[in-house]
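Please keep the sequence and the structure in view while reading.

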Amino acid sequence: MSEFLVSLLGERLVNSEKAEVDVQSLGAKLSLVGLFFGCSLNAPCKQFNGSLCEFYSRFKKTSEHKDKLEIVFISSDPDQKHWQDFLQEMPWPALPFKDRHKKMKLWNKYKVTSIPSLVFVDASTGKIVCRNGLLVVRDDPKGLEFPWGPKPFAEVVAGPLLRNNRQTTDSSSLEGHYVGVYFSAHWCPPCRSLTRVLVESYRTVKESGQKFEIVFVSADRSEESFKQYFSEMPWLAVPYSDEARRSRLNRLYGIQGIPTLILLDTEGHMITRQGRVEVLNDPECRLFPWHPRPVLELSESNAVQLHEGPCLVLFVDAEEEGELEPAKELIQPIAEKLMAKYKAKEEETPLLFFVAGEDDMSDSLRDYTNLPEAAPLLTILDMSARAKYVRDVEEITPAVVEQFVGDFLAEKLKPEPI
């Protein structure tokens, strides 16, 4: 266990007294590490830190599992004094301020998109146990549900579900169906836009004979808003009054923003977190149930994924539909191999793959990242680290791509700033 933690966090952490903490000394009984991503200049982070300190103190004093949990602060503070001042308020250790590279690796590995964020990971493997620790602190203040691991969807959603005609059905009616778990709210304009498209997609899939249902999990601010919004939806919903069940579903899937559409297979296992992108990219639902594709064509609707971790983007000279196929075929075997490798380890792939042609979206991305106009051009873009890697060769072959990907994952490439 300690060897793995050293590879994840480094050999030394620091505490509020500026003393070094040997990672190997964190304890033989340690089974869960909470990675607290935050910043002293962010008001919600400051507020959450207070709640987390109370939670941590109570857990360490009263829980029979007190030796099994540690928290580590992963800061995004821009200057050392602010970081040091914030650390003074914390009873747990932190990643050293200067270890920016390790911080960015952790941000990317756990796909953190907003702060504050608390991700609980297995201390011996690094696998995510609970993606949304903020809700753990709120919903389980005494730590009675430790270690907060994932439960089956059927167990978490269990109970009555509403129809918009005010009738109810039991969640057991979802058995044998593909299920979309839709986190949304009326106050959110992108949610309302997606809902209009999703209504048509839902009807298209149902009319094709597929067993498909959607469950709306509201983030509305009042029951009246929920009722108004739900009246536009032809599917099911968790009752607004059942706040505990809504929160458990948010926790189960680590929801960090809305709208989010999670797609589950007929056994309740996750197919994709990117239901929103899939629905917008496939209005005729030809690819339903939207299993992840190894390589995507860059578009306005899926460009948001560029901010979810490092992405390989192969830019080619293609303007017409279909002209991107040769580029996709070139990198697809490498993407498939990487996906299979990490799926076998039950981990998310560390790199997404895109091909991009000659269009406004590609031009904007080139301008934003200050890339040369060359085509073909092989790049890896890491937006959260504001870093890019460019392979400038005359001919891009599968061997070139595979070497580029391997060197990136082995951290052999030198980044250029975006």
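T369 is buried, with a relative accessible area of 0%, where buried means under 20% relative accessible area, exposed over 50% and partly exposed in between, computed with a 1.4 Å probe on protein chains only. The model is a predicted one, in which local features need pLDDT of at least 70 and side-chain atom pairs count only at pLDDT 80 or more, whereas totals for chains, interfaces and linings use all residues. Residues are numbered from 1 along each chain as its sequence is written, and side-chain values use heavy atoms, with hydrogens and water left out.

**Around T369**
- T369 lies in helix α12, which covers residues 360-369; helices here are DSSP runs (H or I) of at least four residues, numbered from the N terminus.
- Leaving aside residues up to four places away in sequence, T369 touches L381, M383, K388 and I418, a contact being heavy atoms within 4.5 Å.

**Domains 1 and 2**
- The domain assignment, which is automatic or from a database, gives domain 1 (1-137), domain 2 (151-279) and domain 3 (294-415).
- Ten residues from domain 1 and eight residues from domain 2 take part in the contact between domain 1 and domain 2.
- About 660 Å² is buried between domain 1 and domain 2, and carbon and sulfur atoms give 47% of that area; buried area is the accessible area (1.4 Å probe) that two parts lose on being put together, summed over both.
- In domain 1, R131, N132 and L135 lose the most area to domain 2, together 64% of what that side buries.

Terms used
Helix = DSSP H or I, 4+ residues; strand = E, 2+ residues; numbered from the N terminus.
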